[in-house]
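Open the model in your viewer and keep the sequence panel beside it. The stops below each begin with a selection.

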Amino acid sequence: MTISLYDATVPSFLQVLASAAGYLDKGLAYCAEQKIDPNDIVEARIHPDMLPFRFQIQSVVHHSLGAIEGVKQGLFKPGGPEAPDFGSLQKIVTDAAAALKAVSPGEVNQLEGKEVIFQLGERKMPFTAEGFLLSFSLPNFYFHATTAYDILRMKGVVLGKRNFLGQLRMKT
């Protein structure tokens, strides 16, 4: 079986973006039930030396849609969409999913073999598109999605593994 670059990336990005949208919704509902300002979660951290919830969600978007865009441009830098409050975090996730749904398999598959540079300050790391997406962006994508999920759990939001996995792509 041959698997394409599109198949190895975009469906997983969409699956976890949908689950992130779901656990953000559950987080918002929890805040309403507990009479907590959802923006109090935005700067929550698991540990003082880790980046906050806001950064985790922004990174989920940046390592999915932003990674595809970076590969197209041949350059990926840290950053991503700014989202200072809970509502804007929800918006960037749904916007990223909508934009990724509009990306065609051919558009992604034609990127195979293309050079992409990851630039962090003055440091530049060369990759092929598939090396970058599969060895850098996908692991970062899952790391930040998991960390965001864990912060919500730490804050008391009732979530389970199914909330993280989202809609599985089972044989029909």
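Are F127 and F136 buried or exposed? Select them: both F127 and F136 are buried, where buried means under 20% relative accessible area, exposed over 50%, and partly exposed in between (1.4 Å probe, protein chains only). The model is predicted, so local features need pLDDT of at least 70 and side-chain atom pairs count only at pLDDT 80 or more, while totals for chains, interfaces and linings use all residues. Residues are numbered from 1 along each chain as its sequence is written, and side-chain values use heavy atoms, with hydrogens and water left out.

**Aromatic rings**

Over the whole structure, a search finds twelve aromatic pairs. Rings of Phe, Tyr and Trp (its six-membered ring) pair if their centres lie within 6.5 Å; planes under 30 degrees apart count as stacked, over 60 as edge-to-face and the rest as tilted.

Start with F76 and F118, whose ring centres are 6.1 Å apart and whose planes stand at 35 degrees, so this pair is tilted. F76 is in strand β1 (residues 75-76) and F118 in strand β2, so the pair ties together parts 42 residues apart in sequence. Helices (H or I, at least four residues) and strands (E, at least two) are DSSP runs, numbered from the N terminus. F76 is buried at a relative accessible area of 2%, and F118 is buried at 8%. The pair of F127 and F136 is also tilted, at 6.1 Å centre to centre and 45 degrees between the planes.

**The nonpolar core**

Select L17, Y23, F53, I57, V93, L100 and F132. Of the 53 residues in the largest nonpolar core, these touch the most other members. Such a core is a set of buried Ala, Val, Leu, Ile, Met, Phe, Trp, Tyr and Cys residues joined through side-chain atoms within 4.5 Å. Two or more residues each come from α1 (5-34), α2 (39-42), α3 (53-62), α4 (65-73), α5 (86-101), β2 (115-120) and α7 (129-154). The largest share, 13 residues, is from α1.

Now centre on F53. Not counting residues up to four places away in sequence, F53 touches L24, I41, V42, A44, F86, L89, A148, I151 and L152; contact means heavy atoms within 4.5 Å.

Move to α4, where L65, G66, A67, I68, G70 and V71 are buried. After α4 comes G74, with a positive phi near 85 degrees.

Select H144, which is in helix α7 and is buried at a relative accessible area of 7%. Leaving aside neighbours within four places in sequence, H144 is in contact with F55, Q56, S59, V60 and H63.

D150 is in helix α7 too, but is partly exposed at 32% relative accessibility. Draw a distance from D150 to I117: the two are 33 residues apart along the chain, and their C-alpha atoms are separated by 31 Å.

**Salt bridges**

How many salt bridges are there? The count comes to three, taking a salt bridge as a side-chain nitrogen of Lys or Arg within 4 Å of a carboxyl oxygen of Asp or Glu.

- Select R54 and E43, which meet at 2.7 Å, N to O. R54 is in helix α3 and E43 in the loop between α2 and α3, eleven residues apart. E43 is partly exposed at 41% relative accessibility.
- Select E107 and K72, which meet at 2.5 Å, N to O. E107 is in helix α6 (residues 105-109) and K72 in helix α4, so the pair ties together parts 35 residues apart in sequence. E107 is partly exposed at 26%, as is K72 at 34%.
- Select K91 and D95, which meet at 2.7 Å, N to O. Being four residues apart in helix α5, K91 and D95 are separated by about one helical turn. D95 is partly exposed at 36%. From D95 to A21 the C-alpha distance is 10 Å, across 74 residues of sequence.

**The surface**

Select K35, in the loop between α1 and α2. K35 is exposed at a relative accessible area of 75%, and its phi is positive, near 55 degrees, in a residue other than glycine.

Finish at M170, in the segment after α8 (161-165). M170 is exposed at 58% relative accessible area.
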